[in-house]
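I opened this notebook to record what I looked up in one chain. The entries follow the order in which I consulted the model.

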Amino acid sequence: MDPQKYNGNIHPDEWINDIQAYFNIKQKSYINCAIISLVDSTIKLPTGINNIEKLRNALKEDISFTVFKNTNKRKLQSLKYNPERKGGDTSNFISTFRKLCYNAEINDVEEQKKYLYKSLPNNYFDYVSTEFFEKMKNLNSIDELIKRFEELVLEESNLIRNGSIVALKHVATGKYLSSIKNLCYTTGSKFQLVFAGSPEPVPNSLWKAIFDDELATYTDNYMMLQHVKSERFLGIYFVYNGYRYDYCKSPLNNYTEVGCRGNESYFTRNWKFNHSKLKNHQGYLKSNDTINLSIYRTQDGRVEFLRSHDIQFTIGNDSFQEVACHNERLGGNDEWCIELIRF
């Protein structure tokens, strides 16, 4: 392919490199008029240019190069990052960012960092703004900057968001929190039952995580879990037993029954989550976190935790691993691994 003419719309260094490769010109070799003629006539070159370095310097001193650099700076200022979950492409973004920095001759990594930060969309700030500058300390090159940015983007992509579809794996038994539409308990509330079922996240084990904000933090940490297939919520229910209100009991013991229901009265469905491995953890809820889920019993003020164990109850000919709530000492049966299935 024939070499392109230089008209000020490419960085002089890049154009010179292409010319050297095409004509096999060494750094200090003399150049002829044929090469000079590849510079657009609108760019006035001084006389006496007889080698590559003189040509490079002349092109950089022309006003067209100043305009070129400033144009790329303005493009860099207006560049916006869009994550893959919103149709973006991180690889293309980074390629464009690096090219604009090169064209604008922004070589200082601290300045590059500021431009990268400005490219983040406003709704990214909840998480990224608190993490960005902490992760971007002590950088020595644009490669390090991009590497840490990619790590940050990867972490952000694993955050559980309002409306995310998740699965909850019971750590001790490896089975997922599940429900089946219109399959109900035969005792207690007789609501749609909840159990620990498949060792894989199948459709009956998918839940929509619902928060008040876009992201959920461990310091402000209530969520609702809506069963995707039945659109009913995970919770506990209390009834009047003839002389007082009490919570329904689970099928096999005196624990509190956990079921699925809509938005009816006497049904509590707000779950508090805490990291089971890190005390006083203040980060954001993200995929593969191991958590404890607790619920507040409004009738008696008791806090109980979601538990499963390798004990089965039967409905008809089918057996189900029990899930219930308790207020005993926390242990391995109370740990759930939350997994992001899709945004």
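**Entry 1. Basis.** I worked from a predicted model, in which local features need pLDDT of at least 70 and side-chain atom pairs count only at pLDDT 80 or more, while totals for chains, interfaces and linings use all residues. Residues are numbered from 1 along each chain as its sequence is written, and side-chain values use heavy atoms, with hydrogens and water left out.

**Entry 2. Domains.** I looked up the domain assignment and found domain 1 (12-61), domain 2 (65-158) and domain 3 (164-342). Such bounds come from an automatic or database domain assignment. I noted 71 Å between the C-alpha centres of domain 1 and domain 3.

Entry 3. I took helices (H or I, at least four residues) and strands (E, at least two) as DSSP runs, numbered from the N terminus. Axes are lines fitted to C-alpha atoms, for helices over the stretch in contact, and angles run from 0 to 180 degrees between N-to-C directions. Angles under 35 degrees count as roughly parallel, over 145 as roughly antiparallel, 65 to 115 as roughly perpendicular and the rest as oblique.

I began with helix H6 (residues 109-118) and helix H8 (residues 142-157), which pack at about 30 degrees with axes 10 Å apart. H6 and H8 are therefore roughly parallel to each other. In contact (heavy atoms within 4.5 Å) are Val 109, Gln 112, Lys 113 and Leu 116 of H6 with Ile 142, Leu 145 and Phe 149 of H8.

I then turned to helix H5 (residues 90-103), which packs on H8 at about 155 degrees with axes 12 Å apart. H5 is thus roughly antiparallel to H8. On the H5 side I listed Thr 90, Phe 93, Ile 94, Phe 97 and Arg 98; the H8 residues they meet include Ile 142, Leu 145, Phe 149 and Val 153.

For H5 and H6 I noted an angle of about 135 degrees and axes 12 Å apart. This makes H5 oblique to H6. Phe 93, Phe 97 and Cys 101 of H5 and Gln 112, Tyr 115 and Leu 116 of H6 make the contact.

**Entry 4. Nonpolar cores.** I used the definition of a nonpolar core as a set of buried Ala, Val, Leu, Ile, Met, Phe, Trp, Tyr and Cys residues joined through side-chain atoms within 4.5 Å. Buried means under 20% relative accessible area, exposed over 50%, and partly exposed in between (1.4 Å probe, protein chains only).

The largest core has 37 residues, of which Met 223, Leu 285 and Ile 291 touch the most other members. Strand E3 (residues 192-196) supplies the largest share of this core, four residues. Apart from it I found another core, of 24 residues, among them Phe 97, Phe 149, Leu 152 and Val 153.

I also listed the contacts of Leu 285 beyond four places in sequence, including Leu 159, Phe 211, Met 223, Ile 291 and Ile 338.

**Entry 5. Two loop residues.** Is Ser 250 buried or exposed? I found Ser 250 buried, at a relative accessible area of 5%. Ser 250 sits in the loop between strand E7 (245-247) and strand E8 (256-257). Beyond four places in sequence, Ser 250 is in contact with Tyr 255, Thr 256, Glu 257, Glu 322 and Ala 324.

Glu 264 lies in the loop between strand E9 (259-261) and strand E10 (267-268). I recorded Glu 264 as partly exposed, with a relative accessible area of 36%. Glu 264 and Tyr 237 are 27 residues apart in sequence and 9.6 Å apart in space, C-alpha to C-alpha.
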